[in-house]
Amino acid sequence: MNDLIGREKEIKRLTKVMKEKEAQLVIVYGRRRVGKTFLVNEFFENKFDFKFTGAYNRPRQEQLKNFILELNHYSDEKYDNPKDWTEAFFLLRDYLEKKGSDEKQVVFFDEMPWMDSQLSGFLPAFEWFWNSWGSARKNLVFIVCGSSTSWLVKNIDNNKGGLFNRRTCRIVLSPLDLHYTEKYLNSRDIYWSRYDITLCYMIMGGIPFYLRLLDRELSLNENIDMIFFNKLSELWDEFDQLFQTLFKNSDQYIKIVEALSQKKKGLARGEISKATKIPANGDLTKMLSDLEKSGFIRVNAKFGNKSKEKTYQLCDYFTMFYLRFVRDNYGKDEHFWSNTTDNPSRNAWQGLTFEQICKDHIAQVKKKLGIPGILSTVSSWYKQGNDDEKGAQIDMLIDRRDHVISLCEDKFSTQPYEITKEYDESLKNKVAVFREATGTRKTIQVAMITTYGLKPNKYSNYIGKIIQLDDLFEKNDD
């Protein structure tokens, strides 16, 4: 398990599972490429009593053929090909019973959603297997995993039928944060500045599969050119594969993320429907839920908004980067990224994406603010301006139980940020408009999250708290 970086909580949870005296049905899910299979394989050192991996978009008979080949391999027997999944699970039961019940038995079904092809009968067969035998087998640890988070949540985690309330352990694997991304890169002998690591994070997020592609002998810019912009590069078709393997009717899901990529603050459900021409019905609701559960979008709360209207925001770094730069530039210039270092569009993207990074490291922000143990809610807020009055937009507000609201401004720059007279006026206007529009009586604390802090001048004293890039790299102890 020495290669498992940033997975201490998951290791602790799986260790507890192995000590339980009842049957365990463990569900592991998270974004594709985040390292689910690697976690399970490393924890159990690839020693399973039985392991089976589903095949993408293959028919039932081919899945069953693969299943029996694996079962014959593990059992050293020659089971006949099962005619359906019910018979397949009965053969698995027969094999496990012959092994006895004294030692723990670990069964791992990877990419389980792919086993449930149309009219396969897989899910009812698994329900029968677990309810009639598996759940009473005190030494059995059954792990199910897959990239199609929506399938796992619906059919296993929140099953309303035969598997209702059967799951005993849920592990939701998240991308690595900046702290563990740095540790992961260091483990591969990549020692970049934290500024460059943050730029890398804006492109790949904390997805180990993508980070593994980085070449220690190349600069960051050279790596991005190699991985994204060279012809037939490592990730040239990743976007299409990502959505095709996760979602049926993937083109509809892509329309949604394309629409969201155009709006920094996100879109409400009705606005998404209008932009994509997808009717605002149950199908759209399901697609939004699927994208949220799979880690591509987040639901943003608006400060003081008590209505049920939600705002959806694209939050997957790879998807944002692909739609912004790769899709229209792939194959045109193999050195595209190196040749656009000072491009204004790239600088604007860095600033917007840094706001996402701050949201994804809210625990570190709260720690630096000195409020890790204080109950608080995070939201955004904006007010449309008109001819008579100015508008204002605040991307991150931390509403605290100690009667303080931290108004966070995020600035990504190559040097200490200098507050100008114009920005000082804009900032004070934000606070005034927010206070007047919301009627809040709480103390408003202005906090700035910057790469290298603030350059002291006559305007910098207005800032109550300063959070620097190094603070975002702190370990989250929650």
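Visitor: Which residues lie nearest the centre of the second largest pocket?
Guide: The model is predicted: local features need pLDDT of at least 70, side-chain atom pairs count only at pLDDT 80 or more, and totals for chains, interfaces and linings use all residues. Residues are numbered from 1 along each chain as its sequence is written, and side-chain values use heavy atoms, leaving out hydrogens and water. A pocket is an open set of points on a 1 Å grid over the protein atoms alone, with protein on both sides within 12 Å along at least five of seven lines, and its lining residues have an atom within 4 Å of a point. By that rule 35 residues line the second largest pocket, and those nearest its centre are Ser-148, Trp-151, Leu-246, Phe-247 and Lys-248.

Visitor: Which helix gives the most to the lining of the second largest pocket?
Guide: Helices are DSSP runs (H or I, at least four residues), numbered from the N terminus. H5 (112–115), H7 (149–157), H12 (238–246), H13 (250–261) and H15 (282–293) each supply at least two residues of this lining. With 7 residues, the largest contribution is that of H15.

Visitor: What is the volume of the second largest pocket?
Guide: Its lining has 13 nonpolar (Ala, Val, Leu, Ile, Met, Phe, Trp, Tyr, Cys, Pro), 13 polar (the others, Gly among them) and 9 charged (Asp, Glu, Lys, Arg) residues. Taking volume as the space filled by probe spheres set on the grid points, which are joined across faces, edges and corners, the second largest pocket comes to about 1,000 Å³.

Visitor: Which residues are closest to the centre of the largest pocket?
Guide: The largest pocket holds about 1,300 Å³ of space. Of its 50 lining residues, the closest to the centre are Ser-174, Pro-175, Leu-176, Asp-177 and Asp-360.

Visitor: How do the residues lining the largest pocket divide by class, and how many are charged?
Guide: The lining of the largest pocket includes 19 nonpolar and 13 polar residues. The charged residues in that lining number 18.

Visitor: Are H12 and H16 parallel or oblique to each other?
Guide: Axes are lines fitted to C-alpha atoms, for helices over the stretch in contact, and angles run from 0 to 180 degrees between N-to-C directions. The axes of H12 and H16 (residues 317–326) come within 10 Å and cross at roughly 130 degrees. Angles under 35 degrees count as roughly parallel, over 145 as roughly antiparallel, 65 to 115 as roughly perpendicular and the rest as oblique. The pair is therefore oblique.

Visitor: Which residues of H16 does H12 meet?
Guide: Contact means heavy atoms within 4.5 Å. On the H12 side, Glu-238, Phe-239, Leu-242 and Phe-243 take part. They meet Phe-318, Thr-319, Tyr-322 and Leu-323.

Visitor: How many nonpolar residues are in the contact of H9 with H16?
Guide: H9 (residues 194–204) packs on H16 at about 80 degrees with the axes 5 Å apart, which means that H9 is roughly perpendicular to H16. Tyr-201, Met-202, Ile-203 and Met-204 of H9 touch Tyr-317, Phe-318 and Phe-321 of H16. No polar and no charged residues take part, and the nonpolar ones number 7.

Visitor: At what angle do H3 and H4 pack?
Guide: H3 (residues 60–75) and H4 (residues 85–98) are roughly parallel to each other. Their contact has 10 nonpolar, 2 polar and 1 charged residues. The axes lie 11 Å apart, at an angle of about 10 degrees.

Terms used
1 Å grid on protein atoms, 1.4 Å probe; cavity = no way out; pocket = protein on both sides within 12 Å on 5 of 7 lines; lining within 4 Å.
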